[in-house]
Amino acid sequence: MRRPAASLIALALLAGAASAGDIAPGERRSGSAFMAPETQAMQADDTSNPGMLWVLQGAGLWGEKAGRSGRSCAGCHGEAVASMRGTAARYPALDAASGKPIDLTGRISQCRTERQGAPALARESDALLAITTFVAHQSRGLPVAPPEEPRLDPYRETGRQLFTTRMGQLDLSCANCHDDNWNQRLAGSAVTQAHPTGYPLYRLEWQSIGSLQRRMRNCMIGVRAEPFASGSEEFIALELYLMQRAAGMAIETPGVRP
Amino acid sequence: MTRALVSVPKTARRGEIVDIRAMIAHPMETGYRMGPNGAEIPRHIITRLVCTYGGDEVFAAEFFPAMSANPFVSFSLIAAESGTVSFAWTDDTGQTETASAEIVVS
């Protein structure tokens, strides 16, 4: 009885090795699992996690009236602890009006300009990052739960294609590193599996909090490709694919990364 | 708006050694960097942190350009009596930002 079972496992392993690509669900690890214990401790303790400074700023902005409407976020949504719990786990989501996917930052911007009637905040501005971090923080510990929306599927497919397409002067795709070589190191740094569970997150290298798009821009510059525009459809498609890929993993916002 | 996180235990026994932590949002611009137009970015750092406990200075630190942005400081204190633990960060521009927390000693 034992031998057939053992050979079956061997066969399965072979099959796994042959189709290099997707990471097996049991092997998925958050970027934080690759960090030094000191950096993990920094993220775990809210009094030493610098990302909490933006959560604090976001909490202030949540209650601040803005724009022609004279209303704050809290004026409609109430206490974020209840109303925003799980929100970040579902984004990017389908924007019913345009029929296109929209990310969390985009939704906050939309709410601000269209409903609050306030001047738009720049996409990577401290204030917009702070509100996004504050909202995403309300989902900390919850599993990533991409919406089961068939109209998003074509965008997810676009995202998957972008992820697996070689680009730039170095001619590398995201998958070359993050699917096939995540257990290796690149010039001393862990490669990681590129799960977007901690964003917006505090990077010690940036000395600031930053968005997932900023991180992807970094990677694109790294392979010497021209980065997509901030807030572009390509980035949102990639984000959709990454969230699908990380479905079920716990949200960590605000994460800390080296 | 001051963005600072201070961590002081709410309660402590008399004579207990407690951990105090404080972090403030600040760019800590070194003055050694150049902007995109080649112009120097002027230095803008916090130069001094003073912590008082019940009105008495118990901890002070001088900061220099090598400190990271959003500086984090941790030290310990002997809980002597109930009172306020206050922090004051002063930067190059002379601006002082403050934060405080209460500790109840029994």
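Biologist: How many residues of chain B are in contact with chain A?

Modeller: The model is predicted, and the totals for an interface use all residues. On the side of chain A, 14 residues take part in the contact. Their counterparts in chain B number 13 residues.

Biologist: Which residues of chain A lose the most area to chain B?

Modeller: The two chains bury about 1,100 Å² between them, and 61% of it lies on carbon and sulfur atoms. On the side of chain A, three residues together account for 49% of what that side buries. They are A:Thr47, A:Leu53 and A:Gln207.

Biologist: Which residue of chain B forms a salt bridge with A:Asp126?

Modeller: Two salt bridges are found by the rule across the interface of chain A and chain B. In the one formed by A:Asp126, the closest N and O atoms are 3.3 Å apart, which counts because the cut-off is 4 Å. The partner of A:Asp126 is B:Arg3.

Biologist: Which helix gives the largest share of the side of chain A that touches chain B?

Modeller: Between chain A and chain B there are six residue pairs in polar contact, both residues being at pLDDT 80 or more. The touching side of chain A divides into six nonpolar, five polar and three charged residues. Its largest share is five residues, and these come from helix H3 (residues 51-62) of chain A.

Biologist: Which helix supplies the largest share of the lining of the largest cavity?

Modeller: The largest cavity has a volume of about 290 Å³, and 22 residues line it, with A:Leu104, A:Tyr199, A:Pro200, A:Leu212 and A:Glu239 nearest its centre. Helix H7 (104-115), helix H8 (126-137), helix H11 (212-222) and helix H12 (233-245) of chain A each supply at least two lining residues. The largest share, three residues, comes from H8(A).

Biologist: Which strand gives the largest share of the lining of the second largest cavity?

Modeller: Residues of chain B line it, among them B:Ile24, B:His26 and B:Trp89. By class, the lining has three nonpolar, three polar and two charged residues. Its largest share, three residues, comes from strand S7 (residues 83-91) of chain B.

Biologist: Which helix gives the most to the lining of the largest pocket?

Modeller: About 1,200 Å³ of space lies in the largest pocket, and A:His178, A:Val191, A:Thr192, A:Arg215 and A:Cys219 lie nearest its centre among 41 lining residues. The lining comprises 24 nonpolar, twelve polar and five charged residues. Elements of chain A that each supply at least two lining residues include helix H10 (174-178), strand S5 (201-203) and H12. The most, seven residues, is given by H11(A).

Biologist: Which helix gives the most to the lining of the second largest pocket?

Modeller: The second largest pocket has a volume of about 350 Å³. Of its 20 lining residues, A:Trp62, A:Cys73, A:His77, A:Ile108 and A:Cys111 lie nearest the centre, and the lining divides into ten nonpolar, five polar and five charged residues. With six residues, the most comes from H7(A).

Methods: Residues are numbered from 1 along each chain as its sequence is written. Chains are lettered from A and ligands numbered from 1 in the order in which they are written. This is a predicted model: local features need pLDDT of at least 70, side-chain atom pairs count only at pLDDT 80 or more; totals for chains, interfaces and linings use all residues. Side-chain values use heavy atoms; hydrogens and water are left out. Contact means heavy atoms within 4.5 Å. Buried area is the accessible area (1.4 Å probe) that two parts lose on being put together, summed over both. A salt bridge is a side-chain nitrogen of Lys or Arg within 4 Å of a carboxyl oxygen of Asp or Glu. A polar contact is a pair of N or O atoms within 3.5 Å; within protein, one must be able to donate a hydrogen and the other to accept it, and residues adjacent in sequence count only if both atoms are side-chain atoms. Helices (H or I, at least four residues) and strands (E, at least two) are DSSP runs, numbered from the N terminus. Ala, Val, Leu, Ile, Met, Phe, Trp, Tyr, Cys and Pro count as nonpolar, Asp, Glu, Lys and Arg as charged, and the others, Gly among them, as polar. On a 1 Å grid over the protein atoms alone, a cavity is a set of points where a 1.4 Å probe fits but cannot get out, and a pocket is an open set with protein on both sides within 12 Å along at least five of seven lines; lining residues have an atom within 4 Å of a point. Grid points are joined across faces, edges and corners, and a volume is the space filled by probe spheres set on the points.
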